[in-house]
Amino acid sequence: MLLSPGRYQAVFFDVGDTLMFIPAAQAVIHRHLAERALIREEEQIGRLFQQAFRQFYYERELNPEECCSPESDRQFWTGVYRFMLDELGAGGEWTEEEIHHSCHELYEMFTSPANYRLFDDVVETLDTLRERGFRLGIVSNFSPTLKDILRDKGILHYFDPVIVSTEVGLEKPNPAIFRLALAEAGLAPSAVLYVGDHDLNDLWAPRQVGIDALKIKRYDYMTGEGITGLQELLK
């Protein structure tokens, strides 16, 4: 058992693609563009969305010392959406102002509760972990709306602490965000297991401060050692 009795006191989690996701993100974008008379194939939008997410998030060179803020988060993600719109040829049909406005509308859509869904194994796993006496926490790179989203999905009450990059000014893979989480929880690194999907942010970074880290691979393209669902923590 990964969480054998006495080995850990707490389990901390990443959020995006660990606890929740946006189903059919390409359909959301397709609908948004179509409502503004930019008609493109949903399949093309899906390919570009996956490309942009991998290129700008999973594969980008991250600076552990870089500061984080609500403004920097918005700037990063609107840059991702701008890349997609450029690749879709929006500049041939929209003005620069319309492109700018659309990028910010997409940011608002993808940082609001409406489009998020919990993975099916989340609530049952959280309930079981809490029943077994584990403390639960969050360390996430996310917009300042994260707590509202978790509250909307009915799971905010499970977690203490909830460390959100844009609230604390620190962003994974800066190990300092994990030191902050330990300090707020009053726990030693050896008492915590961290679960997330990103090799640098969620494996390398917590290990720098002595926290054991485990990768969750929710999608077929994810590689390396790890689990494919949260219930594997309980077996």
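Begin by selecting helix 2 (residues 42-58) and helix 3 (residues 70-87), where helix 2 passes helix 3 in a right-handed crossing; a crossing is called right-handed if the near helix is turned clockwise from the far one by less than a right angle, and left-handed if anticlockwise. Helices here are DSSP runs of H or I with at least four residues, strands are runs of E with at least two, and both are numbered from the N terminus. The model is a predicted one, in which local features need pLDDT of at least 70 and side-chain atom pairs count only at pLDDT 80 or more, while totals for chains, interfaces and linings use all residues. Residues are numbered from 1 along each chain as its sequence is written, and side-chain values use heavy atoms, with hydrogens and water left out.

Stay with this pair of helices. The axes of helix 2 and helix 3 come within 10 Å and cross at roughly 140 degrees, axes being lines fitted to C-alpha atoms, for helices over the stretch in contact, with angles running from 0 to 180 degrees between N-to-C directions. That angle makes helix 2 oblique to helix 3, since angles under 35 degrees count as roughly parallel, over 145 as roughly antiparallel, 65 to 115 as roughly perpendicular and the rest as oblique. Show side chains next: on helix 2 the contacting residues include Phe49, Phe53 and Phe56, and on helix 3 they include Phe76, Trp77 and Phe83, where contact means heavy atoms within 4.5 Å. The residues of this contact divide into 12 nonpolar, 2 polar and 1 charged (Ala, Val, Leu, Ile, Met, Phe, Trp, Tyr, Cys and Pro count as nonpolar, Asp, Glu, Lys and Arg as charged, and the others, Gly among them, as polar).

Within helix 3, select aspartate 86 and arginine 82, which lie 4 residues apart, about one turn of the helix. They form a salt bridge in which the closest N and O atoms are 2.9 Å apart, one of 16 salt bridges in the structure (a side-chain nitrogen of Lys or Arg within 4 Å of a carboxyl oxygen of Asp or Glu).

Move on to helix 1 (residues 25-34) and helix 4 (residues 96-109), whose axes come within 11 Å and cross at roughly 140 degrees. That makes helix 1 oblique to helix 4, and the crossing of these two helices is right-handed. Val28, Ile29, His32 and Leu33 in helix 1 meet Ser102, Glu105, Leu106 and Met109 in helix 4, a contact with 5 nonpolar, 2 polar and 1 charged residues.

An open sheet of 5 strands has the order 5-4-1-6-7, with parallel pairing, two strands being paired if DSSP finds at least two bridges between them. Its edge strands are strand 5 (162-164) and strand 7 (212-215), each of which pairs on one side only, and the twist averages 20 degrees from one strand to the next. Strand 1 (residues 10-13) is joined to strand 4 (residues 135-140) by 4 bridges, and phenylalanine 12 stands opposite glycine 137 in strand 4. Helix 9 (residues 199-207) lies across strand 6 (192-196) and strand 7, running at about 165 degrees to strand 7.

Finish in the loops. Between helix 6 (146-152) and strand 5, select proline 161, whose peptide bond from aspartate 160 is cis, with omega near 10 degrees. Proline 173, in the loop between helix 7 (165-168) and helix 8 (176-185), is joined to lysine 172 by a cis peptide bond with omega about 20 degrees. Lastly, aspartate 17, in the loop between strand 1 and strand 2 (20-21), has phi near 65 degrees, a positive value in a residue other than glycine.
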